[in-house]
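Hi,

Here is the structure I promised to pass on. Have a look first, and my notes follow below.

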Amino acid sequence: MGEGGKAADSTDDARSFLTSGDAYDAFMGRYSRPLADAFADVAGVEAGQSVLDVGCGPGSLTGVLVDRLGAGSVSAIDPSPPFVAECASRHRGADVRLGSAEAIPFDDASFDSALAQLVLHFVTDPARAAAELRRVVRPSGIAAACVWDFAQGMEMLRHFWDAALTVDSDAPDEAQAMRFGRAGELVELLEAAGFHEVTETTLEVASTYGEFEELWSGFLAGIGPAGSFCVSLSDEQRSAVREELFRRIGAPTGRFTLAATARCAHGRTPR
Ligand SMILES: C[S@@+](CC[C@H](N)C(=O)[O-])C[C@H]1O[C@@H](n2cnc3c(N)ncnc32)[C@H](O)[C@@H]1O
């Protein structure tokens with residue numbers, strides 16, 4: 001992640017996720033791992049199926065799929081080379097490839113289902129990505145996607161952006177900058193791509209931190225839009241955001257828990 005430059009210049013860094021799997025897990029994987037279980041349930045993932053994880057990162061959802069289906073029935077793609085390497089090493093036997101949602105490197109109708117967890121808000125051409133999900137899923141198969149509810153339901157990011165906005169009124173709050181976190185947006189995307197029986201669900205998870213520094217160090221790793229923005233600030237601005245964040249989460253002196261809500265949509269490919 002870039003150290004210098006304002007957030008407006010760090011869009012590519014924010015999307016590129018050139019970071020280690022362990023750093024990602026300490027920041028976001030701590031939420032995406034429990035989310036993956038609930039998301040796989042919504043998508044009806046069960047033994048005997050062949051499933052693709054689109055935008056797999058270091059493998060939170062890939063791991064859940066491997067547990068349910070066996071590694072030989074799981075494929076995964078991501079455009080981040082370090083994440084592909086990490087996912088492949090964590091989930092040996094799964095077919096993990098470098099690739100993007102807009103050009104999925106698999107043949108037509110290769111999978112019973114394709115799942116994109118916390119990904120579609122990062123892709124540059126979501127309509128193309130939805131068309132690709134439809135292409136690689138067999139007739140009457142399932143595609144599913146989920147994105148955090150940035151405005152209300154992802155406390156870690158909501159408190160961070162509220163703190164950031166007190167320091168810089170132009171801070172790129174993900175509730176404004178990101179698509180698909182609002183009710184109906186993912187449904188609209190899947191329906192426009194030709195999926196049938198599209199249904200929206202909300203999924204709730206939480207993560208417990210031992211102390212405030214555990215939360216703050218996640219932002220300092222520079223991951224995603226919030227981390228990229230955090231490391232782009234001057235030392236003085238960053239200290240001000242830190243103080244304001246600490247205050248907003250209730251000035252914890254020990255353990256505390258933050259909740260996160262994701263909006264999820266799943267639909268069926270035509271027969
Ligand atoms: C917030 S992470 C989610 C990772 C993982 N799915 C999880 O739930 O932990 C977003 C992921 O989307 C990937 N990504 C960004 N642009 C993408 C694209 N165009 N196609 C597929 N994945 C993309 C990033 O590399 C990153 O791994």
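For sorting residues by type, I count Ala, Val, Leu, Ile, Met, Phe, Trp, Tyr, Cys and Pro as nonpolar, Asp, Glu, Lys and Arg as charged, and the others, Gly among them, as polar. On that scheme, the shell around the ligand splits into 12 nonpolar, eight polar and three charged residues.

Two housekeeping points. Numbering starts from 1 along each chain as its sequence is written.

On confidence (pLDDT is the predictor's own, for each residue, from 0 to 100): the chain has a mean of 93, and 94% of its residues reach 70 or more. Residues 1-11 have pLDDT below 50, and beyond near neighbours in sequence this stretch has 21 contacts in the model (a contact means C-beta atoms, placed from the backbone, within 7 Å). Where pLDDT is low, the predicted coordinates should not be read in detail.

Back to the ligand. There are 23 residues around it, and Ser32, Gly55, Gly57, Ser80 and Ala101 come nearest (near means a C-beta atom, placed from the backbone, within 6 Å). Helices α2 (21-42) and α3 (60-69) each supply at least two residues of that shell, and α2 gives the most, with three. Helices (H or I, at least four residues) and strands (E, at least two) are DSSP runs, numbered from the N terminus.

Now the sheet: seven strands, open, mixed pairing, in the order β3-β2-β1-β4-β5-β7-β6 (strands pair if DSSP finds at least two bridges between them). β3 (95-98) and β6 (196-209) are at the edges with a single partner strand each, so one side of each has no neighbour in the sheet. The twist averages 20° from one strand to the next. β1 (residues 51-54) and β2 (residues 74-78) run parallel, joined by four bridges, and Val54 stands opposite Ile77 in β2.

Helix α5 (residues 126-136) packs on this sheet, touching β1, β4 (111-117) and β5 (137-148), and its direction makes about 145° with that of β5 (axes are lines fitted to C-alpha atoms, for helices over the stretch in contact, with angles from 0 to 180 degrees between N-to-C directions). Its buried residues, including Leu133 and Val136, pack against β1, β4, β5 and α8 (185-192). Buried means 20 or more other C-beta atoms within 10 Å of the residue's own, exposed 12 or fewer, partly exposed in between, with C-beta atoms placed from the backbone.

Cheers

Terms used. This is a predicted model: local features need pLDDT of at least 70, side-chain atom pairs count only at pLDDT 80 or more; totals for chains, interfaces and linings use all residues. Two residues are in contact if their C-beta atoms, placed from the backbone, lie within 7 Å.
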